[in-house]
Amino acid sequence: MALVARRAELLNQIADEIKSNGGRAHVYPHDATQFANVPTLFPTILRDLGRLDVIVYAAGVMPAVDLSEFNFEKDKAMMDANVLGAMAWLGPAAMAFERMGRGSIVGISSVAGDRGRILNPAYNASKAALSTYLEALRNRLTRRGVHVLTVKPGFVDTDMLQGAKRAFWVISPEQAAADIFRAVKSRKPTIYTPARWGVVMMIVQHIPSFIFRRMSF
Amino acid sequence: MPFPSLDRLSPLENFGHSMGSPAFVYRPTRAEQIAELFESASRCGYTIGLRGSGRSYSDAALNGGHIVLDIRRMNRVLEWNPDTGVIKVEPGVTIQQLWQYTLEDGWWPPVVPGTMFPTLAGCLAMNIHGKNNCVAGTIGEHVLGFTALLPNGDSITCTPQTTPDLFYGLISGAGLLGVFTSITLKLKRIYSGNLWVHAWASPNLRAMMSEMEPLKTETDYLVGWVDSTANGRALGRGQVHAADYLHEGDDSAPAQTLRVDYQTLPDTFFGLVPKSSLWQFMRPFMNNVGVPWVNIAKFLSSRFLSHHHHFLQSLVAFNFLLDYVPNWERSYGRGGLIQYQSFIPKETASDAFVEMIALTNRRGLPNYLSVLKRHRPDKFLLSHAVDGWSMAMDFRVTAGNRAKLQALCDELSEMVLQAGGRFYFAKDGTLRPEMAVLFLGVEALRRFRELKAQCDPQGLLQTELYRRLLCGPA
């Protein structure tokens with residue numbers, strides 16, 4: 001397994017845990033917004049692993065934004081990590097998998113990408129962009145034997161939740177991971193986790209705009 | 001431009017489609033590009049695996065996630081002397097190119113494998129043998145010299161007389177010591193494009209071996225096809241082919257038979273089925289139910305239709321039987337196949353092979369085709385040769401039988417090692433790390449590692465086979 005994230009000491013802890021359970025783990029401290037490093041780092045990972053079966057893009061940021069706040073710095077940070085980082089990483093992965101005719105690409109999008117809401121416009125926009133990007137990758141790659149999974153979690157109990165104002169149906173990261181793992185094995189195109197968000201978002205997506213714009217949801 | 005470029009990524013497989021891994025493939029056309037590749041790989045921390053036509057059944061030409069140097073674009077004939085039969089070629093020249101180039105002048109490669117597609121670089125790296133091993137030895141014995149580029153930067157010229165260590169090391173060295181840049185071979189003079197073939201049926205393995213033994217140096221080519229799905233008294237029954245070159249004057253029209261188009265294999269079977277799709281017709285029979293019937297039919301036809309037949313057969317048809325059915329390996333289905341070939345000294349061979357065939361049937365993993373050959377020892381460093389016999393067994397691999405098959409091969413390997421036998425890197429995909437030293441011997445492995453340290457101090461040349469078997473503790 002290749003672990004890519006900013007904080008080396010946390011990565012090493014996870015790597016040690018994997019190794020003590022008999023697995024193989026390599027650690028690559030990297031900021032997903034350092035796009036220029038990806039063309040070298042991606043082949044390095046492939047070299048160290050010897051092969052690649054699944055890539056999961058889970059990087060994302062959601063700074064707290066006030067209802068009357070319009071802050072380009074924060075908006076750009078979200079687009080960089082949530083969208084451009086995904087393109088920087090999943091592009092090469094798509095190319096590699098397409099050539100191999102196999103593999104799974106997993107992108108962690110969000111229920112927040114299904115509608116634009118009053119709380120955090122740029123976050124909604126970034127996740128909508130990611131979902132659409134993943135859908136397009138899927139349409140390109142399915143015919144080449146590559147599986148693309150869009151994951152739309154609700155509230156997951158991670159550091160990101162500290163920026164969320166109201167949280168409910170909170171699930172643990174382990175629970176979300178188990179759902180994702182199952183979806184990769186059964187090669188599903190899109191999942192909500194927990195699954196009940198699928199029902200909720202189907203309703204939410206059908207609320208007409210003249211009502212939705214008056215809701216504080 | 002980052003190195004390696006993602007554009008170079010290719011899914012590579014072994015010949016049997018039973019192993020595979022992606023690698024960054026580079027296809028140099030000049031030796032300078034190889035030197036540049038060494039430099040870039042070393043700077044960026046990648047290793048380089050060498051690959052020719054990818055006809056190995058093993059992981060010898062795979063290097064997952066790293067660089068693979070495909071030699072096939074260096075494929076020019078550099079010098080040819082039709083009076084002496086000495087030819088100098090680039091390493092990517094294939095056996096097919098070679099015989100087609102020299103046949104009309106009356107020369108034939110002295111040693112060829114069962115298919116004409118391998119490159120000479122690959123043939124030398126594995127030091128391949130043919131059905132004439134007892135008479136002609138391995139291909140390395142017909143190499144007058146070669147040039148090679150080593151990862152340490154040296155360009156070397158080797159002959160068996162001037163640089164025996166490097167000569168006998170690089171040939172048989174599995175592409176782990178250096179890259180051949182040119183190869184000089186002495187070919188075999190022939191007076192006809194046909195062989196005189198004698199075919200007969202043998203009732204079981206011991207009978208077959210005792211029939212073949214007195215012929216080992218009497219006849220040019222000698223091979224046994226074994227039905228290894230038969231048991232009991234018929235265990236190891238099959239058909240023997242013995243073949244001889246024609247002498248000068250035996251062929252009344254050598255100019256006819258020494259033509260490439262005379263040798264060319266037909267495009268269709270029964271004038272109907274295109275050979276490119278034949279493997280699809282074979283596929284329904286390639287399972288544990290169908291194969292015994294195929295073997296029975298084959299044996300009965302050899303026993304009753306062609307017992308003690310003498311006939312003329314073209315060199316190509318006799319030597320490259322497998323090439324009659326392009327992609328025959330695909331008939332084994334999605335999981336592909338492995339070939340398990342072991343080489344056992346003559347004293348212990350018949351007992352060991354009988355036991356091994358019986359074991360494969362007891363384990364419910366019959367091998368679909370076995371080939372028996374007689375061998376002689378050679379002087380090469382990582383040699384597979386013995387004064388004895390080899391048996392090559394083809395096993396179908398499926399998603400469900402992988403673990404069982406590995407366990408069977410472990411058992412077989414124990415039996416081979418007990419019998420003082422050896423293995424062949426072009427074929428082996430199942431040996432355990434500790435088994436390499438047991439058949440190569442401590443001394444040969446130590447000398448290989450000395451040569452490796454001298455030619456490739458950074459360990460730049462690596463393959464999955466190397467990491468599996470040759471770089472562990474001595």
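1. Domain bounds here come from an automatic or database domain assignment. For chain B that assignment gives domain 1 (6-72 + 450-470), domain 2 (73-189) and domain 3 (194-423).

2. On conventions: this is a predicted model, in which local features need pLDDT of at least 70 and side-chain atom pairs count only at pLDDT 80 or more, while totals for chains, interfaces and linings use all residues. Residues are numbered from 1 along each chain as its sequence is written, and chains are lettered from A and ligands numbered from 1 in the order in which they are written.

3. The centres of domain 2 and domain 3 of chain B, taken over C-alpha atoms, are 25 Å apart. Their contact takes 27 residues from domain 2 of chain B and 27 residues from domain 3 of chain B; two residues are in contact if their C-beta atoms, placed from the backbone, lie within 7 Å. On the domain 2 side, helix 4 (133-136) and helix 5 (164-170) of chain B each supply at least two residues. Helix 4 of chain B gives the most, with three residues. Helices (H or I, at least four residues) and strands (E, at least two) are DSSP runs, numbered from the N terminus.

4. By class, the side of domain 2 of chain B that touches domain 3 of chain B has nine nonpolar, 15 polar and three charged residues. Ala, Val, Leu, Ile, Met, Phe, Trp, Tyr, Cys and Pro count as nonpolar, Asp, Glu, Lys and Arg as charged, and the others, Gly among them, as polar.

5. Between the chains, 15 residues of chain A are in contact with 13 residues of chain B. Helix 2 (38-49) and helix 3 (72-100) of chain A each supply at least two residues of the chain A side. The largest share of that side, seven residues, comes from helix 2 of chain A. The chain A side divides into eight nonpolar, three polar and four charged residues.

6. Strand 12 (residues 194-202) and strand 17 of chain B run antiparallel and are joined by six bridges; strands pair if DSSP finds at least two bridges between them. His198(B) stands opposite His310(B) in strand 17 of chain B. Of the six residues of strand 17 (residues 309-314) of chain B, zero are buried, so this strand lies largely in the open.

7. Val151(A) is in strand 5 (residues 147-153) of chain A. With 24 C-beta neighbours inside 10 Å, Val151(A) counts as buried (20 or more other C-beta atoms within 10 Å of its own; exposed means 12 or fewer, partly exposed in between; C-beta atoms are placed from the backbone). Not counting residues up to four places away in sequence, Val151(A) touches Val106(A), Gly107(A), Ile108(A), Ser109(A), Ile180(A), Ile191(A) and Thr193(A).
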